[in-house]
Amino acid sequence: MLILSIESSCDETSAAVCDERKVLSNIVSTQIEEHKIYGGVVPEIASRRHTEAISAVCNEAINVAGITYKDIDAVAVTFAPGLIGALLVGVNYAKGLALSLGVPLIPVHHLRSHIAANYISNPELKPPFLCLTVSGGNTLLCKVNDYTKFEVLGSTKDDAAGECFDKAARTLGLCYPGGVNLDKVATKANIKKYPLPYPKVDGEFDFSFSGLKTAVINTVHNLSQKGEEVDVPVMCATIRKRVCDLLIDKSMAAMGKTGFNTLVIAGGVSANSELRERMKLECENRKFNLYFPELKYCGDNAAMVGVQGYYEYLDGNISDETLNAAATLPINYR
């Protein structure tokens, strides 16, 4: 089944052609350089650039796949969550395309597609398993009972882990995308030098990162007021360690509580080098199976949307021209 998929939830305009789990093409047009001068994504600019790029990106995906639009069996699109203006560009384009081709329109949840990135990189992976989905906008632990059946165990009560990375990086003067550059600059953590807090919340598997983010900002500002320099590489490493501590501790606790022996990591922060290295060691020590997506599928891309779209189609999740975008929507919405 050939699915043309579209992703436009933030600042990447992407289109792909997938045949079930097989990726025939995956085209990504990024806006990083344009948003870099602002230190983060400007929603209005992102929406305009999606409008300019989406037609060419879809055409390229079709050409690279070696097919024509007449060969497409369905169109899948990210409809939630994300920047509402950016999402609407993809949703409206997908609706028009599906209608003109006379094929089904498949709405895909962004976080579900991040999990599906692992199906591309790991053909043997099948539910059920426990998944830690961690990105700039979301951090949650959930049971993946089936390809379209999710049970949330815990989530962030304030900022996401990626948000903490990005805002801390900006405070330290690092370029956008902050989390990526923080990971590159980080050397070795020194908790004695920068005693950052370890935020805790009441929920057993819930997260909190706003206190850590605020502590970094206050520490940097206090040092600046005293005329002291921040050791940026050490501060970056200390921030990274604290975030990874929280993610790993909660994940291991959830694995023990649920009895799963397979852990899957998804989302943009799954590319973080320390998270990958430490999570691998923890899982090896506990004899858990661990899966990450390939680095090229960690960020936003349409290939993961197409793969999840296939399973949504099998489950009867089909929409029509009334489909609308949603800025927020839980992963277990249906």
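Analyst: Happy to. Two packed helices are described by the angle between their axes and the distance between the axes. Here the axes of helix 5 (residues 161-171) and helix 7 (residues 210-225) come within 9 Å and cross at roughly 5°. Axes are lines fitted to C-alpha atoms, for helices over the stretch in contact, with angles from 0 to 180 degrees between N-to-C directions. Helices are DSSP runs (H or I, at least four residues) and strands are too (E, at least two), numbered from the N terminus. This is a predicted model, where local features need pLDDT of at least 70 and side-chain atom pairs count only at pLDDT 80 or more, while totals for chains, interfaces and linings use all residues. Residues are numbered from 1 along each chain as its sequence is written, and side-chain values use heavy atoms, leaving out hydrogens and water.

User: How are helix 5 and helix 7 oriented to each other?

Analyst: They are roughly parallel, a label for angles under 35 degrees. Contact means heavy atoms within 4.5 Å. Helix 5 contributes Glu-163, Cys-164, Lys-167, Ala-168 and Thr-171, and helix 7 contributes Leu-212, Lys-213, Val-216, Ile-217 and Val-220.

User: What should I look for within a single helix?

Analyst: An α-helix has 3.6 residues a turn, so residues three or four places apart point the same way. In helix 2 (residues 43-65), the buried residues include Ala-46, His-50, Ala-53, Val-57 and Ala-61. Buried means under 20% relative accessible area. Among the elements covering the buried residues of helix 2 are strand 1 (2-7), helix 1 (32-36) and helix 3 (84-101).

User: Where is the kink in helix 2 centred?

Analyst: On Ala-53, with a kink of about 45°. The bend at a residue is the angle between axes fitted to the seven residues ending there and the seven starting there. After helix 2 comes Gly-66, with a positive phi near 75°.

User: Which residues does Val-108 touch?

Analyst: Val-108 lies in strand 5. Not counting residues up to four places away in sequence, Val-108 touches residues including Val-77, Phe-79, Val-305, Gln-308 and Gly-309. Val-108 is buried, with a relative accessible area of 0%. The C-alpha atoms of Val-108 and Gly-306 are separated by 8.5 Å, although 198 residues apart along the chain.

Methods: Angles under 35 degrees count as roughly parallel, over 145 as roughly antiparallel, 65 to 115 as roughly perpendicular and the rest as oblique. Buried means under 20% relative accessible area, exposed over 50%, partly exposed in between (1.4 Å probe, protein chains only).
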